[in-house]
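This report describes how two chains meet in a predicted model.

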There are 2 protein chains.
Amino acid sequence: MSEAPSMPMIPLPRPQSDAAAAITRGVRRMLAERGVRGLVEFSLANGRRADILALADDGEVTIVEVKSSIIDFKTDQKWPEYLDYCDRFFFAVDADFPVDLIPAECGLIIADAFGAEIIRPAPLAKLAAARRKTLTLKVAHIAMARLHRVEDPGLRVGE
Amino acid sequence: MSEAPSMPMIPLPRPQSDAAAAITRGVRRMLAERGVRGLVEFSLANGRRADILALADDGEVTIVEVKSSIIDFKTDQKWPEYLDYCDRFFFAVDADFPVDLIPAECGLIIADAFGAEIIRPAPLAKLAAARRKTLTLKVAHIAMARLHRVEDPGLRVGE
């Protein structure tokens, strides 16, 4: 019963590509240093899936969309649909990305696999209390479900 | 970047003994089948540490104290201090435990490493809204922090 965690039977969700995974890792490290914790691949009530949904100590909700290439950015212009599910919204890209493409009204993070920097803060658009409550509970649930799968690799219940 | 999760640099918290870990695993599986997710070794604001703190879909908070032996039960009589941090409180023991020792006002779960059964439901004593909100946010944060350590074993930030 005391062995180290091993690969869960139902794999954890992961970023779509290695390039996206590198940016995601750097962003999560930077956020964690600020006491903000991020969950990857978080499904919202509108059917969209956030690359990173992060929660601060005070409950502030941040969504970060990771764009690993120009094509990745241009083929997915659905970011306005995320705004209703967070207090702040950022794009995160690597240092080679032409940042002029990123809409000026969004926050901007430049990241590599080891860390990240906030280049432009995101404007604050506060969630309604009821949606914040629902989101926080769902975040807690999904994080616990994924952790449970790691801690009990034989578990057959998904998230 | 796409390898399977490996052992995090800062180990995840675990139950104190193999006997407690077996009961804990069975309880968490049973809860997960009901859509309730449990986090182990959760520190409460009063300094006590809950063996399992669990959250239902609707936000109901359950604390389960795991007792792996009579001695374990008799040397720790601090369970009333948990009542202020949950809606329902249970003891979980294995099939050999003399259940007459468990206070009648607490819920009772019998577990082994593979599952568990609720023998006696726990009375509902609803948390105040402010405490529920604080607890839910903290649960989300701790679960995300632990999951982050698994997903990024090189992470140097603890919970």
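## Helix packing between the chains

Helix H3 of chain A (residues 129-151) packs against helix H3 of chain B (residues 129-151) at an angle of about 35 degrees, and their axes lie 8 Å apart. The crossing of H3(A) past H3(B) is left-handed.

On H3(A), the residues that make the contact are A:Thr136, A:Leu137, A:Val139, A:Ala140, A:Ala143, A:Met144, A:Arg146, A:Leu147 and A:Val150. On H3(B), they are B:Thr136, B:Leu137, B:Val139, B:Ala140, B:Ala143, B:Met144, B:Arg146, B:Leu147 and B:Val150. By class, the residues of this contact comprise 14 nonpolar, two polar and two charged.

## Extent of the interface

Taken as whole chains, 49 residues of chain B are in contact with 49 residues of chain A. The size of an interface is often given as the accessible area lost when the parts come together. Between chain B and chain A the buried area is about 4,200 Å², with 65% of this area coming from carbon and sulfur atoms.

## Polar contacts and the chain B side

Between chain B and chain A, twelve residue pairs are in polar contact, counting pairs with both residues at pLDDT 80 or more. On the side of chain B that touches chain A, at least two residues each come from helix H1 (18-33), strand S1 (37-43), strand S2 (49-55) and H3. H3(B) gives the most to this side, with 13 residues. The residues of the chain B side divide into 26 nonpolar, nine polar and 14 charged.

## Salt bridges

Over all chains, the whole structure has 17 salt bridges. Four salt bridges are found across the interface of chain B and chain A.

One salt bridge joins A:Arg29 to B:Asp152, with their closest N and O atoms 2.6 Å apart. This pair crosses between chains: A:Arg29 is in helix H1 (residues 18-33) of chain A, and B:Asp152 is in the segment after H3 of chain B. A salt bridge also links the side chains of B:Arg28 and A:Glu151, at 2.8 Å from N to O.

Conventions: Residues numbered from 1 in each chain as written. Chains lettered and ligands numbered in written order. Predicted model: local features only at pLDDT ≥ 70, side-chain atom pairs only at ≥ 80, totals over all residues. Heavy atoms only, no water. Axes fitted to C-alpha atoms, helices over the stretch in contact; angles between N-to-C directions. Helix = DSSP H or I, 4+ residues; strand = E, 2+ residues; numbered from the N terminus. Left-handed = near helix turned anticlockwise from the far one by under 90°. Contact = heavy atoms within 4.5 Å. Nonpolar A, V, L, I, M, F, W, Y, C, P; charged D, E, K, R; others polar. Buried area = accessible area lost by both parts, 1.4 Å probe. Polar contact = N/O pair within 3.5 Å; in protein donor to acceptor, adjacent residues only side chain to side chain.
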